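Reader: Hey, can you walk me through this one? I'm new to it.

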Amino acid sequence: MQLKTILNRVHPLKSFVYEQVRLVEESGGPVIEIVIQPRANSQPVCSGCGRKRRGYDRQSQRRFQFIPLWGMAVTFLYTMRRVDCPGCGVVVEMVPWAEGKNHLTIAYRWFLATWAKRLSWKEVAEVFHTTWENVFRSVKMAVTWGLEHRNLDGIKAIGVDEIQWHKGHKYLTLVYQIDDNVQRLLWVGEDRTTKSFLRFFRMLGKERSAAIKYVCSDMWGPYLKVIAKKASKAIHVLDRYHIMAKMNKAIDEVRADEAKRLKQKGKTPVLKNSRWCLLKRPENLTEKQTVKLSELLKCNLKAVRAYLLREDFQRFWEYRSPAWAEKFLKEWCTRTMRSKIEPMKKMARTLRSHEGLILNWFRAKGTMSSGVVEGLNNKVKLTMRKSYGFRTSEAIELALFHTLGALPEPNHTHRFC
Ligand SMILES: [Zn+2]
């Protein structure tokens, strides 16, 4: 079987034919070169208007990179024609395997983009002997196509989240769709201001915004403000995951502060290596941590009392009736306010001032799964870690949309990966 037969099967060209195939030894290794010719009597297509036009002349030969085969680079060679178009003048023709001046074929760019979902961009570049920039541009093409062709209708539940992408308080605001059947990244915006978040609703449009029934967010002020304004009819829920994360931060603050004070007083360091004992749920502790925890619980330490308050608060999420949950929340806040542990008192004050939104969790219960935002947040962090070294928010945005956007892809005649 000839290589041409295989090519016609996996990458058929209309109005063009694969001619000679040859193996060329180059300094970088062997290259499979494939010469393409226009089919006899076929008319070139004008790259300005996309219509078939009369040929004008031919230019010098151009090289297009195709998907490598058996570790060898594959290159298409083609001499571009120019057309004489009444509307566009004398311009170069349009070819179906590449776009504009790009020297990578469309198939190769989709191939790189697909691998970039599984490996880091650097790894893709290494494995396929290409540059990081080529992988970057391929992902950009895939994301641009996907965003243009995605469907934003029927979104019922969204979750808002923020992520720090750079030291020095550089944040991105992320909006996810968290419906039962579709969970995906919908939008990424720089900063976490009112102004930036408003852009999401502008992108979504009035009608679709009005159709949103549930919004899930953390307690960040600007988010609360924008949601109240733009999705006023939706049930706004404060996310369990973010509330518990905030509480863990308070416990950690108490522990660090207390450990420092004990050390200054020259007391035995009981709190040493206690961080994860106090932050993890008891069921997730290792055996060693469990022993440490039982040792800690015997001491009358602020960090331990803060820990017990948090463990007690977990009961809140188990309630079925909003009325009982409310009663519990009020009692818990009163108890915590008497605890004399400042970071926990601050937490209780925060919970009190957002009581309504927190209790909405029970109103939305069963319709919205609370773990979704946490799961997506973890995936975002993983993608960011894999893309370590990105300097621009554009690259991060592309990587996030590429892996979490559930973006559509064109129907290729053949899938290469
Ligand atoms: Zn034209």
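**Salt bridges and a helix**

Author: Let's start with Glu355, which is buried (under 20% relative accessible area, with exposed over 50% and partly exposed in between, using a 1.4 Å probe and protein chains only), at a relative accessible area of 18%. This is a predicted model, where local features need pLDDT of at least 70, side-chain atom pairs count only at pLDDT 80 or more, and totals for chains, interfaces and linings use all residues. Residues are numbered from 1 along each chain as its sequence is written, and side-chain values use heavy atoms, leaving out hydrogens and water.

Reader: Ok, which residue does Glu355 form a salt bridge with?

Author: Lys330, with the closest N and O atoms 3.3 Å apart. A salt bridge here is a side-chain nitrogen of Lys or Arg within 4 Å of a carboxyl oxygen of Asp or Glu. Glu355 lies in helix α14 and Lys330 in helix α12, so the pair ties together parts 25 residues apart in sequence. Helices are DSSP runs (H or I, at least four residues), as are strands (E, at least two), numbered from the N terminus.

Reader: And is Lys330 buried or partly exposed?

Author: Lys330 is partly exposed, at 42%.

Reader: How many salt bridges are there in the whole structure?

Author: A search finds 24. One of them joins Arg335 to Asp312, with the closest N and O atoms 2.7 Å apart. Arg335 sits in α12 and Asp312 in helix α11.

Reader: Switching topic: which residues are buried in α5?

Author: Ser196, Phe197, Leu198, Phe200, Phe201 and Leu204. Just after α5, Gly205 has a positive phi of about 90°.
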